[in-house]
Amino acid sequence: MCVYRPGFFHSLLGNPYLQTLKTGFLRRLREGPGQRRSFAYLTIKDRIPQILTKAIDTLHRHKSEFFEKHGEEGTEAEKKAISLLSKLRNESQTDKPIIPLVEKFADTDIWNQYLEYQQSLLNESGGKPRWFYSPWLFVECYMYRRIHEAVIQSPPIDDFDVFKESKEQNFFESLEFIEALCVHLQELIITIEDLDESQLKNEFFKLLQISLWGNKCDLSLSGGETSSQKTNIIHSLEDLKPFILVNDMERLWSLLSNLKKTREKVSTIRVDIVLDNSGFELVTDLTLADFLLSSKLATEIHFYGKMIPWFVSDTTIHDFNWLIEQVKHSNHKLVSKCGNDWENYVKMGRWVYHDHIFWTLPHEFHAMSQVAPDLYAELQKAHLILFKGDLNYRKLTGDRKWEFTVPFHQALNGFHPAPLCSIRTLKAEVQVGLQPGQGEQLTASEPNWLTTGKYGVFQFDSPL
Ligand code: F6P
Ligand code: MG
């Protein structure tokens with residue numbers, strides 16, 4: 001459940017950190033002529049129309065399926081959804097004001113209140129929030145929420161996921177390397193009891209890195225175009241190490257291995273994974289989760305996915321179940337063993353999947369304790385929370401224009417439900433916790449280092 005407590009927005013306005021909303025430290029799309037080619041600007045100008053066009057095309061291609069299922073009503077619904085998406089594309093391309101949501105869904109009021117809040121920030125300058133003059137994080141989330149609105153306003157096709165096809169394509173195109181990863185996991189599990197401490201740590205680090213580089217495969221950076229896994233990542237880990245800019249893997253190991261040693265005192269060791277993309281990345285996450293249970297570094301894993309289709313490739317409960325089913329039905333014995341084990345973990349409650357509408361709101365995570373206290377309380381039960389991906393990083397750090405050397409702890413702005421780690425490849429112009437000069441050096445040698453997905457981080461923070 002999400003609520004705004006009385007005075008929530010007032011408290012935001014009084015919070016010196018959030019004053020940056022007013023003073024412009026928040027990443028906006030157009031901040032002057034120099035910003036016109038910023039990644040944020042290009043996202044809204046080029047990538048969003050591309051994603052919307054692809055969604056329209058997908059609906060169009062399913063026309064006969066809708067007709068077969070629902071008759072004329074299905075055809076009418078398809079037309080309606082297409083016209084709503086075309087209108088949305090036009091609004092974004094012509095920099096129209098951002099309008100309130102109209103249909104009634106679990107989060108409609110909260111979105112509209114957030115929009116009013118944006119409006120109140122602009123009132124002083126007499127403006128209205130518009131597509132090219134609003135905070136990037138807000139505009140981008142709003143676009144995906146409007147896509148959802150177009151679909152739910154078009155019954156009986158209101159449960160259609162316009163991104164499902166792309167997510168499934170990513171899975172099938174990555175199949176060779178998904179199989180390689182599953183085989184690697186099963187061979188590891190057979191010998192896991194015989195591994196000494198340093199071998200186990202080594203395997204843990206390998207699977208963490210696989211999960212990190214799995215985050216390269218998102219479909220929103222590529223504008224909805226295919227972005228599958230094309231190499232056997234297990235063989236590339238050594239070569240990729242220099243691209244890990246912050247590497248807190250040792251801290252993850254010491255946290256979990258110490259908990260394991262005190263198992264008599266703590267009956268459960270809980271690791272929560274805030275999922276990102278479905279397809280290859282999800283397989284890397286499930287592989288890591290399986291390893292954590294098999295090695296007894298954890299006793300239960302809690303996953304968090306999205307309640308609505310989101311940023312093209314983000315995982316919904318449907319994607320989660322679909323993927324496990326696919327792996328289970330593989331012709332390869334070791335691969336299907338993975339699928340069977342994963343299904344059993346879910347049945348036995350050792351893997352728990354959670355939905356929460358907060359993950360598809362535009363809020364940065366520091367607002368979670370106020371906006372979604374139930375979710376915050378759930379996360380507090382974890383011994384460790386892994387946040388996958390770029391969007392989660394943007395929400396962890398508030399998507400501010402931080403100096404590269406600002407400590408991660410500071411950028412979290414009080415969001416400390418439990419020890420946490422961001423596992424993220426860099427696809428947006430925000431990065432904290434670097435060594436002095438590190439960011440500047442990268443900028444000088446590779447101007448686009450922040451947005452290509454080539455670099456990654458394991459960035460840890462503990463509330464203690
Ligand atoms: O388009 C904005 C963005 O946050 C990019 O920075 C990134 O490419 C993508 O969306 C989402 O990435 P991820 O799937 O890693 O959260
Ligand atoms: Mg994503």
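Predicted model: local features only at pLDDT ≥ 70, side-chain atom pairs only at ≥ 80, totals over all residues.

A residue counts as buried here when its relative accessible area is under 20%, and as exposed when that area is over 50%, with partly exposed in between.

**The big picture**

- The protein is built with 20 helices and seven strands.
- It has 464 residues, and 59% of them count as buried.
- Take the contacts in the protein with a separation of 6 or more: 80% of them come from residues 24 or more positions apart.
- The protein exposes about 18,600 Å², and carbon and sulfur atoms supply 53% of that area.

**The nonpolar cores**

- The largest nonpolar core has 82 residues, and the members that touch the most others are Trp359, Met368 and Phe415.
- Which helix gives the most to this core? That's α7 (residues 136–152), with eleven residues.
- Why does this core lie between domain 1 and domain 2? Domain 1 (8–152) and domain 2 (164–461) both give residues to the core, so it sits between them.

**A look at helix α7**

- Helix α7 has 17 residues and reaches 25 Å from its first C-alpha to its last, close to the 24 Å expected at 1.5 Å a residue.
- Is α7 buried or exposed? 17 of its 17 residues are buried, so the helix is largely enclosed by the rest of the structure.
- A handy bit of background: an α-helix has 3.6 residues a turn, so residues three or four places apart point the same way.

**Back to Asn112**

- You'll find Asn112 in helix α6 (residues 108–122).
- Setting aside residues up to four places away in sequence, Asn112 touches Pro100 and Leu101.

- His363 is in the loop between β4 (351–355) and α16 (368–371).
- Although it's in a loop, His363 counts as buried, because its relative accessibility is 2%.
- His363 and Phe138 are 225 residues apart in sequence, yet their C-alpha atoms are 7.8 Å apart in space.

**Backbone spots to check out**

- Pro155 and Pro156 are joined by a cis peptide bond, with omega at about 10°.
- Pro156 has its place in the loop between α7 and α8 (164–173).
- Lys296 isn't a glycine, but its phi is positive, at about 65°.
- To find Lys296, go to the loop between α13 (280–294) and β3 (300–305).
- Is Lys296 buried, exposed or partly exposed? Its relative accessible area is 40%, so Lys296 is partly exposed.
- Asp399 is a residue other than glycine with a positive phi, near 55°.
- Where is Asp399? Look in the loop between α18 (390–396) and α19 (408–411).
- Asp399 has 1% relative accessibility, so it counts as buried.

Terms used:
Residues numbered from 1 in each chain as written. Chains lettered and ligands numbered in written order. Heavy atoms only, no water. Helix = DSSP H or I, 4+ residues; strand = E, 2+ residues; numbered from the N terminus. Buried < 20%, exposed > 50% of the residue type's maximum accessible area, 1.4 Å probe, protein only. Contact = heavy atoms within 4.5 Å. Areas by Shrake-Rupley, 256 points an atom, 1.4 Å probe, with all protein chains shown as cover. Core = buried A, V, L, I, M, F, W, Y, C linked by side-chain atoms within 4.5 Å. Domains from an automatic or database assignment. Expected span 1.5 Å × (residues − 1).
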